Amino acid sequence: MNHLPVVDLRAPAGAAAHAVGEACRAHGFFYVVGHDVDESLGQRLETLSRAFFDLPDTTKARYAMAHGGRAWRGWFPLGGELTSGRPDWKEGLYLGDELPDTHPRVRAGVPLHGRNLIPGDDVLPGFRATILEWIAQVTRLGHRVMTAIAASLALPEDYFARRYTATPLILFRIFQYPSRAVPPGLDVREGVGEHTDYGLLTLLRQDAVGGLQVKAPAGWIDAPPLPASFVCNIGDMLDRMTGALYRSTPHRVRLNTSGRDRLSFPLFFDPDLDARIEPIRTPEIDDRATRWDGASVHAFEGTYGDYLLGKIGKVFPDLKRAVL
């Protein structure tokens, strides 16, 4: 198959779960429609995000990740994020659940928990409120999709909610991929290099430009934008839980040569950092030798936080040294 399946969440629950299961086994990727996330909110998010990236770098630097501390939030410039040790040709804004300084995990200095660094209404009116409402709506969609995934595995519908996502770790990103040439001497080959996601589920809104590609058995296939849809893909922890029945599939983003800057909005719906990842079934074979990073998700032992923090330090090595 040279295209990704589309799952309509308005279908009867059993039919939707069956379609999700087939998609997870065949690709690890699928579109969802009929999701009830407000499309006008998504359009407003796109408009305000373009306005943010149009700000001067000196203004955006006031919200840089270096100021986010252990919460790991804020802006990074073009080339500031690495995949497999090579810079990606994008800039972005790291975000997540908004937690006050008085929250027990923030007070304890737990990584990836805290306040967001977002321009206020004096700089970009409505941006903060739009982001937080988007996170809330897409988080609800994440719970809904995980219910379908549980049903597709013949598990109780609340299996993941009880064990891992009663309070999920929510990481949200806004990325811009510029449509301009890479400067000479910068070792950039793609918008984002080949990788898999780390957690349970990623829910991605794309703008109309496109550029996402998914690695299929026959080669790379495009995942073009579909109106009012999300691209969903499973991550390493669901691969581990299901014993590779549902694979965390490598994907990448092409260099943007469209003539228009591209926006994407991935939300990572992940287990609580303290959750210990337990298998649902035993893998028939360990795919370490064929994975993009040569690592085994099935050999991993420990909490999700152990896994995640080991990975993200490779994405921002300088920030890891300074903060973690």
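The sulfur of Cys-232 sits 8.9 Å from the closest cysteine sulfur, that of Cys-24, and this is too far for a bond. A disulfide would need the two sulfur atoms within 2.5 Å. This comes from a predicted model, so the values here are computed from the predicted atoms.

Helix α1 covers residues 13-26 and helix α5 covers residues 127-152. Their axes are 8 Å apart and meet at an angle of about 80 degrees. Angles from 65 to 115 degrees count as roughly perpendicular, and α1 and α5 are therefore roughly perpendicular to each other. On the α1 side, the contact is made by Ala-17, Val-20 and Gly-21.

Which side chains does the side chain of Lys-90 pair with in polar contacts? One is the side chain of Glu-81, at 3.1 Å, and another is the side chain of Asp-88, at 2.8 Å. Lys-90 lies in the loop between strands β5 (86-87) and β6 (91-96). With a relative accessible area of 1%, Lys-90 is buried, because anything under 20% counts that way. Leaving aside neighbours within four places in sequence, Lys-90 is in contact with a run of other residues, including Phe-76, Pro-77, Leu-78 and Gly-79, as well as Phe-175, Gln-176, Tyr-177 and Pro-178. Gly-191 and Val-192 are also among the contacts of Lys-90.

Tyr-177 and Pro-178 come up again with Asn-256, which touches both of them. Asn-256 belongs to the loop between β13 (251-253) and β14 (262-270). Is Asn-256 buried or exposed? At 9% relative accessibility, Asn-256 counts as buried. The side chain of Asn-256 reaches the backbone oxygen of Tyr-177 at 2.8 Å. Not counting residues up to four places away in sequence, Asn-256 also touches Ser-179, Arg-180, Val-209, Asp-261 and Arg-262.

Key. Residues numbered from 1 in each chain as written. Predicted model: local features only at pLDDT ≥ 70, side-chain atom pairs only at ≥ 80, totals over all residues. Heavy atoms only, no water. Helix = DSSP H or I, 4+ residues; strand = E, 2+ residues; numbered from the N terminus. Buried < 20%, exposed > 50% of the residue type's maximum accessible area, 1.4 Å probe, protein only. Polar contact = N/O pair within 3.5 Å; in protein donor to acceptor, adjacent residues only side chain to side chain. Contact = heavy atoms within 4.5 Å. Axes fitted to C-alpha atoms, helices over the stretch in contact; angles between N-to-C directions. Parallel < 35°, antiparallel > 145°, perpendicular 65-115°, else oblique.
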